[in-house]
Each structure stands twice: as C-alpha cells, then as structure tokens.
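Trainee: Could you show me how to read backbone angles and burial in a model like this one?

Mentor: Gladly; let's look at it together.

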Amino acid sequence: MSTRGFTVVLFALASCAFAQAPVPGTGLASTLFRLHEMDLHLHSGMERQVSLDKWLDLAAADGRKVVVLLDHLELYRRTPAEYQAWLDKRKDVAARYPLGQAGHEALWADFERMRQRKHMVVFTGWEVSELELDEGTEPDSLLRVDMVGFHISPNNKGNAPDGPHLIRRALQVKELQKKVPRPMVLFHPFTMRVEKVQKRARLAGKSIDQIPVSDYRFFHGDEQKRLADILRGTSIYVEIGRATGACMQQPNCRQAMIEDVKPLADMGVQFTVSTDAHSVASLERTFRPETFCEPLGVTEANVNTLVRELLAYRARIATR
Ligand SMILES: [Zn+2]
Ligand SMILES: [Zn+2]
C-alpha cells in the first residue's frame, strides 16, 4: 500500500473511532429543515440590488424556508463622501439606507416587515469584521439582532487563517457573549484559507492542482480537539458556506476539508450553511449544500441546532 493509501486508511479508522453522537431531539425528519432550505448568512442591506421582497422571492424560488438577513456593520460607519464614492463605483446598487444609527433603524424596519412573509422564517443578523473582536464593536446594535457572525478574513496580517487563529477568535467570541447574549457564528474560516492559499499559488505561477493537501490543512496537532472543547455545547457555530462546494471538487482541497471539518463535527461542533449571497446572480444560482456537507459530517440535525435556538429565542421574547 502506498504511503498515501495508508494515511487514508488510518484517517478512515480515526473517523470511525469518533463516530458522531446523534443530536438530541432530532429523531423526526418532519421537524427538521433540509440543508438547502436554510441560508443563515444572506446579505440583504446596502448591497441589495432589488427590493427586499424581490430578493427573498429569489431565495424562496430555490427552496429557502429559513433565512438570516444581515449586512456588514462597517458599511454604516462610512463618511458621506466614502458612501458617495462607493455608490458612484457600484452602479448596480442604490442609496437604500442612510449611514449610522438611522441606517440601522431603516434596515431593521425592512427586516421586521419580512417577518410577516408566508412560507419563510426570517431572522436578523450582522456580519462584523473579526478585527472588532480586538478593537471593540457596537454592542447596542448587536443586541438588536437575532444573531451575529464574524467575518474571518483571508488577509489577517498576511497569513491565511488557521487553527490557532480560529481558537483565539472562538475564545474572544465566548467572552463577547457575556455582554451580547446572542448566538454567534465564525463565518467562512475554511474557505477563506482556501482562497488565500490558492491566490498565493497563482501569484507564484503554480496551478491549483499543484497545491499539496498540507498547504490547505487548517488544523495541526491537537488544535481540533482544543477548538471542539471550547465550542461544544455553546451557542457559537462555524459556517460551512457555499464556496466549500468549489473546494470539494479539487481532490487535495477536498481531502484537507474533510480532514479539517469531519473530526470537529464528530466531536460535537455545530455548523451553519449559507450562500453568503450579495447579488441577484448569486441568488439565482442553485444552492444545494447537501452535496458537500455529507462527506464533511455536517448533518441536517447538526445545522438545525442554530435554527432551533433562534426559534426558541423568538418564542421566549414573545412571552415577555
Ligand atoms: Zn464575510
Ligand atoms: Zn458575508
């Protein structure tokens, strides 16, 4: 057997040793949303190209039944001149929302209206730069939404995100939740590493197929266990976004993604799925996370956990 073949067998044995425990209370398929019915990171604010009703019609047309509507928090902090320059450049968007707190309020009013939609469960959120975990953020605005996601960047101090980086962010999120008790998600950590690694290879004149599995690998040593120990049983989730599907079509990227994600799922980490759509073109593309979630061990029951938590929160505040 080749060394690679032997590694694959060893990995398969290791995966069996940590078979995923069933998620309690998820035994009835009739109570679960299908993976493609959920989009827990859907940009629906400043960058929206059509009315919010039309935007959600597009999501519904591809089967979405649960959505988290959000926008980048930092877009509302720009100066009027920066906003105008952006509008001039982005010919496809209109000045839908004012800057600052007035913009937040107008956005939330639109989102609130969407909660009346039939055949769709609507939650609200913010996407916040991970740097705000270091520098401070706007807790009052975060408290006004159902969920907060942190944008894990491919450009963090020149390095691709990796295990120690995500562990640090997870601990910071846990700390922030003491002040802002909302479910929080670490957005797209794995695909941002892939993006950075592939970009580096292209700049070096290499083809994507020459990138070894080891360059893609996110975690080393006991990092997965350490991260799982921090996240297990909490309201902190890790996103498996649509870009994961492209990675899974490249054999080395796929192998690394499985080796990075599956043990986390087996150790009880909770995940989310999303399109991270910013455009009509993106919303018109079919989203079928089933195709890439299955080999990663990211199950329907696992992803329903956040939806169930958000539903429980809505039910609880309705009883106030
Ligand atoms: Zn992002
Ligand atoms: Zn996003």
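Trainee: Where is His119 placed?

Mentor: Helices (H or I, at least four residues) and strands (E, at least two) are DSSP runs, numbered from the N terminus. His119 sits in the loop between helix H4 (100-114) and strand S3 (121-129). A note on the source: this is a predicted model, where local features need pLDDT of at least 70, side-chain atom pairs count only at pLDDT 80 or more, and totals for chains, interfaces and linings use all residues. Residues are numbered from 1 along each chain as its sequence is written, while chains are lettered from A and ligands numbered from 1 in the order in which they are written.

Trainee: What is the phi of His119?

Mentor: Most residues other than glycine have a negative phi. His119, however, has a positive phi near 65°.

Trainee: Which other histidine has a positive phi?

Mentor: His188, with a phi of about 40°. His188 lies in the loop between strand S5 (184-187) and helix H8 (189-203).

Trainee: Is His119 buried or exposed?

Mentor: Count the other C-beta atoms, placed from the backbone, within 10 Å of the residue's own: 20 or more is buried, 12 or fewer exposed, and in between partly exposed. His119 is exposed because it has 7 C-beta neighbours inside 10 Å. His188 has 27 inside 10 Å, so His188 counts as buried.

Trainee: Which residues of H15 are buried?

Mentor: Glu300, Asn302, Val303, Asn304, Leu306, Val307 and Leu310.
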